[in-house]
Amino acid sequence: MTPDICPPRSEPTLSFTQGLVVGQLSVVLILAAFIKFFIFGDPPSPDETASLRATERRSRTLTHKQSLLRLRSPNQRQEQTLKRKKSNVLRNPPALTIGSILSKTYYNVDSHQPESLDWFNVLIAQTIAQFRSDAQHDDAILSSLTKALNGTSRPDFVDDIRVTQLSLGEDFPILSNCRIIPVDEDGLTLGNGIKFDAATAARDGTRLQARMDVDLSDMLTLAVETKLLLNYPKRLSAILPVALAVSVVRFSGTLSISFIPSNPSQSTPTMMTFSFLDDYRLDFSIRSLLGSRSRLQDVPKIAQLVEARLHRWFDERAVEPRFQEIALPSLWPKKKNTRGPDDSVPDGGLSIGRSKGKDISRDARDDPTRRRDNSLEDGKLDSTSLRHRRPVKDEDEPAMTWSAPITKPNA
């Protein structure tokens, strides 16, 4: 009999100390690669980033158009046409249609050349200049920004946000190449094979849309400071100060504006809608500062995250197929909205300006003769108040002249 021989045990190739060292080195290498390529990695070029974003927006717009075209089946189009024909039988067509408006304004959507908007740029520049001047003497815009940044959507790990710098720029947007194009009821341009027919535009739901190119090269800056709070394992375990400055450097795109007529049966006012096409270009300059003692400046990954968030915020609000809708007030002239010189003044009936009229009304309020009404209420009458008391003229009653009797001296 051969005795049982136990097989030799295989010794581990690495000891515990060697395995610990290898594990620590692997963690250090992974952490170094994360810091190098994720935080301090070189960002892609602005042209490449803009091209990728434009491609994504274009594909989203095409998907939306294809979904709308799929929903427009021939049966639905026929039903809509029948409904429109029935409604036209029940009520008279509107007095002014798109065809009559275009004919009376001598505008041909097929052959009219794009127009420059130099006069409109001047008006816009004056409005923006006045807005900037008012913002320098009023803290309303700072209060609004601070309230918006510290709203209910602020996460728990972010401390109060404080605005440290606000620059509204020095240049003005330039609008050009304005043209009027017909679009369907969904805001889509008519196809190449479809010709615009002004006679049937109202029945088909076609409306006019103004498109213009917008270009702005300026430095609009907003700088904020806050703190990132670490509330685990206990509250305020660590605090990381963060300073961020975002500047809009360049914007170029196409703005589309259209009007939706009011509907008296539903009591809806006239609406103005505007949006930007998906081929816009928006460039930012983002600066960041992390830490209190050992500070990290201009981290590329933070700039990419903030820029992507700002683009998504803009796309979700004002880029087609989404649009902004503004209700327009009534344009009928009203008495309460009238401003200008007074019709008549005490000194000879000469007209005065608005500022001078305010001064006269203020002086009239401060006149001591006005204060005698209080003495009458208190039951105090004196000879001075009665002697200088004048009849108060009501605005609704006609003016009356008072004259004392003339006594002739004895001859």
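Biologist: Of the 411 residues of the protein, what percentage count as buried?

Modeller: This is a predicted model, in which local features need pLDDT of at least 70 and side-chain atom pairs count only at pLDDT 80 or more, while totals for chains, interfaces and linings use all residues. Residues are numbered from 1 along each chain as its sequence is written, and side-chain values use heavy atoms, with hydrogens and water left out. Buried means under 20% relative accessible area, exposed over 50% and partly exposed in between, with a 1.4 Å probe and protein chains only. On that basis the buried part of the protein is 21%.

Biologist: How many helices and strands are there in the protein?

Modeller: Both are DSSP runs numbered from the N terminus: helices are H or I with at least four residues, strands are E with at least two. The protein has 11 helices and eight strands.

Biologist: Is Asp278 buried or exposed?

Modeller: Asp278 lies in the loop between β5 (271-276) and β6 (281-290). Contact means heavy atoms within 4.5 Å; leaving aside neighbours within four places in sequence, Asp278 is in contact with Arg57, Arg58, Thr61, Val319 and Glu320. Its relative accessible area is 5%, so Asp278 is buried.

Biologist: How far apart are the end C-alpha atoms of helix α8?

Modeller: The expected span of a helix is 1.5 Å times one less than its number of residues. Helix α8 covers residues 300-318, which is 19 residues, so it should span 27 Å. The model agrees, with the end C-alpha atoms at 27 Å.

Biologist: Which residues of α8 are buried?

Modeller: An α-helix has 3.6 residues a turn, so residues three or four places apart point the same way. In α8, the buried residues are Pro300, Ala303, Val306, Glu307, His311, Phe314, Asp315 and Ala318.
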